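Trainee: I would like a close look at one part of this chain, with what surrounds it.

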Amino acid sequence: MSRSSWWRSLLLGGVMALASSCAGAEGDDGDGGTGELFGNANGTVLTVYSGRSEELVGPMLDEFADEAGVEVEVRYGDTAEMAATILEEGDNSPADVFFGQDAGALGALKVEGRLIELPDDVLGRVDERFADPEGQWVGTSGRARVIGYNTEALAEEELPDSILDLAEPEWEGRLGWAPTNGSFQAHVTALRAELGDEVTAEWVEGLAENGAAYENNTAIVEALGRGEVEVGLVNHYYLYRFLEEDPGFPVDNAFLTGADIGNLVNIAGVGVLDTADDPEVSFELARFLLTEEAQAYFSEEVFELPVVAGVARDERIPAIEEIDTPDLDLSDLEDLEGTLELLRDAGAL
């Protein structure tokens, strides 16, 4: 079965169940809620600016359009570019919803006053770590940073206790990293927020001395499998794509202990813009993305972490609530320009 067919079959029952339950909760007059939307929203146009790829989320947005009775127009692009476009367009932006690949872009829109508060029933679906403290965005899936390692070269107990240790001389020539990759840059932004620029710059300089630079996460995991490097800084889900093709692929992921900054869990998420024509319709898309069926899609198809508790997941991947994450407001990851400047000054770019 194709991804699109699998998704359509999975979501059909879940979306209609959500519509039915929400309509019942609102009572016979149907004042608001998903039941009214699904029954009477024909002709409504919802414009989504998506930093997530069409291949990944296109089937999901099409399903929402079909079942909700709305027309969904999507503009796809790089997450940072989409957020910058919204800011450039200002009050003239046609965007209703921003669907971002990381919390930093959502935080940037929040700082500029471009997001509106989401309803409590949306925010309450996820742990408070994965929603904006002021309620202006909500995570839809989690993406954990891990230390990937070659299992033929290292045992897990030989790995460092902290991500900061990878800048030490003992890891020279053994590390793979991707300084131009957006996920790594978001992680550096987290280090800046947690530890300050001076400590972060010293760490980056150490990585530059120790590491082999790769283009992206996929290239790092490939290099780990070939034994070119022993450890690599990656997002967790890339490994499982390799294991689908080769169950004996000699790489594993390691999480750190004690809420180390290496255990950053960033999110993909959505925010509703202050230019939204009908915020209620936009809120329904957020609700849709947090149904158990949508969360199962993120988990089973792309190996991301469900942000809604109790959703079935690949047993090789820990539940998001089991990861000892640093106490960090993900909205604080918006200063990408400062991170790029730090990386350039440290010789990483």
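Which residues in helix 7 are buried?

Mentor: This is a predicted model, in which local features need pLDDT of at least 70 and side-chain atom pairs count only at pLDDT 80 or more, while totals for chains, interfaces and linings use all residues. Residues are numbered from 1 along each chain as its sequence is written, and side-chain values use heavy atoms, with hydrogens and water left out.

The buried residues of helix 7 are Ser183, Phe184, Gln185, Ala186, His187, Val188, Thr189, Ala190, Leu191 and Arg192. Buried means under 20% relative accessible area, exposed means over 50%, and partly exposed lies in between, with a 1.4 Å probe and protein chains only. Helix 7 is largely enclosed by the rest of the structure, because 10 of its 14 residues are buried. In the chain as a whole, buried residues make up 57% of 349 residues.

The chain has 13 helices and 9 strands. These are DSSP runs numbered from the N terminus (helices H or I, at least four residues; strands E, at least two). From first to last C-alpha, helix 7 reaches 20 Å, close to the 20 Å expected at 1.5 Å a residue; the expected span is 1.5 Å times one less than the number of residues.

Both ends of helix 7 have a local feature. Just after helix 7, Gly196 has a positive phi of about 95°.

Next comes the packing partner. The axes of helix 7 and helix 8 are 7 Å apart, at an angle of about 140°. Axes are lines fitted to C-alpha atoms, for helices over the stretch in contact, and angles run from 0 to 180 degrees between N-to-C directions. The pair is therefore oblique; under 35 degrees counts as roughly parallel, over 145 as roughly antiparallel, 65 to 115 as roughly perpendicular, and the rest as oblique.

Helix 7 brings Phe184, Val188, Leu191, Arg192 and Leu195 to this contact, and helix 8 brings Asp197, Val199, Thr200, Trp203, Val204 and Leu207. Contact means heavy atoms within 4.5 Å. The contact residues divide into 8 nonpolar, 1 polar and 2 charged, where Ala, Val, Leu, Ile, Met, Phe, Trp, Tyr, Cys and Pro count as nonpolar, Asp, Glu, Lys and Arg as charged, and the others, Gly among them, as polar.

The buried residues of helix 8 include Thr200, Trp203, Val204 and Leu207, and their cover includes helix 7 and helix 13 (336–345). Helix 7 is also among the elements against which the buried residues of helix 9 (217–226) pack.

Asn266, in strand 9 (residues 265–272), has Ala186 among its contacts beyond four places in sequence. Asn266 is itself buried, at 6% relative accessible area, and a polar atom of its side chain lies 3.0 Å from the backbone nitrogen of Ala103.

Terms used:
A polar contact is a pair of N or O atoms within 3.5 Å; within protein, one must be able to donate a hydrogen and the other to accept it, and residues adjacent in sequence count only if both atoms are side-chain atoms.
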